[in-house]
Amino acid sequence: MSRFRILKELKKSLKRKRRHVWSLGAGVAFFLLATLAGSWLAYRMIALNPSEVFLPMESASAWVDNLSLDPNATSRELTLRALRDWQGQVQLVLHRTYLCGEETRQLGRLSSAEAAELLKSHREWSASFDSQGKVLMEEAVDDLSPNCRKTAFMGVDKDGNLSLFDGPPWQEKVIRTFFQLDVDMLESRLSEERVKELAEGIRVADKDEYNSVLSTFNEFADPQSQATPQ
């Protein structure tokens, strides 16, 4: 059986395993829309019904004033100003987004001064108020999440793209899509064993393995259909 046939047959078997492959592009778009909607909702709730959110009225007033006085300020800057301008406690939530995976931690309730100092000590964190008046801190981590380290695979999706999967490729749980593979080049330069390994999924347990697989197969990206990683 030719290398191409091996890859083709394995890709066919992927299609039979599941009905649907997640599109990360749609997931990212949904996340961005949800984030924007949450920020807008938080502002509207604070501006129109400040007594119904977690923050006291004086903090809500500071938040609205800052929005009108400095519309170019970032959400992090506005959050620091709001925390500085009132005395009390606030609920903190930390959300981390990884190369693969994400996690949310409840940091508990701190005084406004403690929350401000924590945010100042982590310049890599963004911050905003969510729709419930909690302070949501976000961090982008250039690594795999602890859970992803246990389940991540690199392989080929049903459309012939090099993709990152949560579990073996046959489960079709696509986390991230990188680029279309040039199958002709792939099967002419790699051994049958390597093609089969890719089709079945290559286990990646850390950032080094993740980057190594990307580097290895980057040369087989189809230049006519190469897409920006999603």
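## Ground rules

We're looking at a predicted model, so local features need pLDDT of at least 70, side-chain atom pairs count only at pLDDT 80 or more, and totals for chains, interfaces and linings use all residues. Residues are numbered from 1 along each chain as its sequence is written, and side-chain values use heavy atoms, with hydrogens and water left out.

Helices (H or I, at least four residues) and strands (E, at least two) are DSSP runs, numbered from the N terminus. Two strands pair if DSSP finds at least two bridges between them.

## The mixed sheet

Take the sheet with the order β2-β1-β4-β3: it is open, has 4 strands, and its pairing is mixed. The edges belong to β2 (102-111) and β3 (126-129), each with a single partner strand, so one side of each has no neighbour in the sheet. On average, neighbouring strands here are turned by 25° against each other, direction ignored; axes are lines fitted to C-alpha atoms (for helices, over the stretch in contact), and angles run from 0 to 180 degrees between N-to-C directions.

Strand β1 (residues 89-100) pairs with strand β4 (residues 135-144) in the parallel sense, over 8 bridges. Val93 has Leu136 as its bridge partner in β4. On the antiparallel side, 4 bridges join β3 to β4, and Ser128 also has Leu136 in β4 as its bridge partner. β3 and β4 make a hairpin with 5 residues between them, and Gly133 in that turn has a positive phi of about 85°.

How do α4 and α5 sit relative to each other? The axes of helix α4 (residues 75-84) and helix α5 (residues 112-120) come within 9 Å and cross at roughly 150°. That makes the two roughly antiparallel, where angles under 35 degrees count as roughly parallel, over 145 as roughly antiparallel, 65 to 115 as roughly perpendicular and the rest as oblique. The crossing of α4 and α5 is left-handed, a label used if the near helix is turned anticlockwise from the far one by less than a right angle, with right-handed used if clockwise.

On the α4 side, Arg76, Thr79, Leu80 and Leu83 meet Ser112, Ala115, Ala116, Leu119 and Lys120 of α5. By class, this contact has 5 nonpolar, 2 polar and 2 charged residues. The classes go like this: Ala, Val, Leu, Ile, Met, Phe, Trp, Tyr, Cys and Pro count as nonpolar, Asp, Glu, Lys and Arg as charged, and the others, Gly among them, as polar. As for the sheet, α5 lies across β1, β2, β3 and β4, running at about 140° to β2; contact throughout means heavy atoms within 4.5 Å.

## The antiparallel sheet

The other open sheet has 4 strands in the order β7-β6-β5-β8, with antiparallel pairing. Here β7 (174-180) and β8 stand at the edges with a single partner strand each, so one side of each is left without a neighbour in the sheet. β6 and β7 pair over 5 bridges, with Thr177 in β7 as the bridge partner of Ser163. Helix α9 (residues 207-218) lies across β5, β6, β7 and β8, at about 25° to β7.

Is strand β5 (residues 152-156) buried or exposed? 5 of its 5 residues are buried, so β5 is largely enclosed by the rest of the structure; buried means under 20% relative accessible area, exposed over 50%, and partly exposed in between (1.4 Å probe, protein chains only). Ala152, Met154 and Val156 cover one face of β5, with Phe153 and Gly155 on the other. β5 pairs with strand β6 (residues 161-166) over 5 bridges, including Phe153 with Phe165. The two form a hairpin with 4 residues between them, and Gly160 in the turn has a positive phi of about 85°. β5 is also joined to strand β8 (residues 202-203) by 2 bridges, and Met154 stands opposite Ile202.

Leu144, in strand β4, is buried with a relative accessible area of 2%. Leu144 and Ala205 are 61 residues apart in sequence but 7.9 Å apart in space, C-alpha to C-alpha. Beyond neighbours within four places in sequence, Leu144 has contacts that include Tyr98, Ala152, Ala205 and Tyr210.

Glu172 lies in the loop between β6 and β7. Its phi is near 60°, a positive value in a residue other than glycine, and at 4% relative accessibility Glu172 counts as buried.
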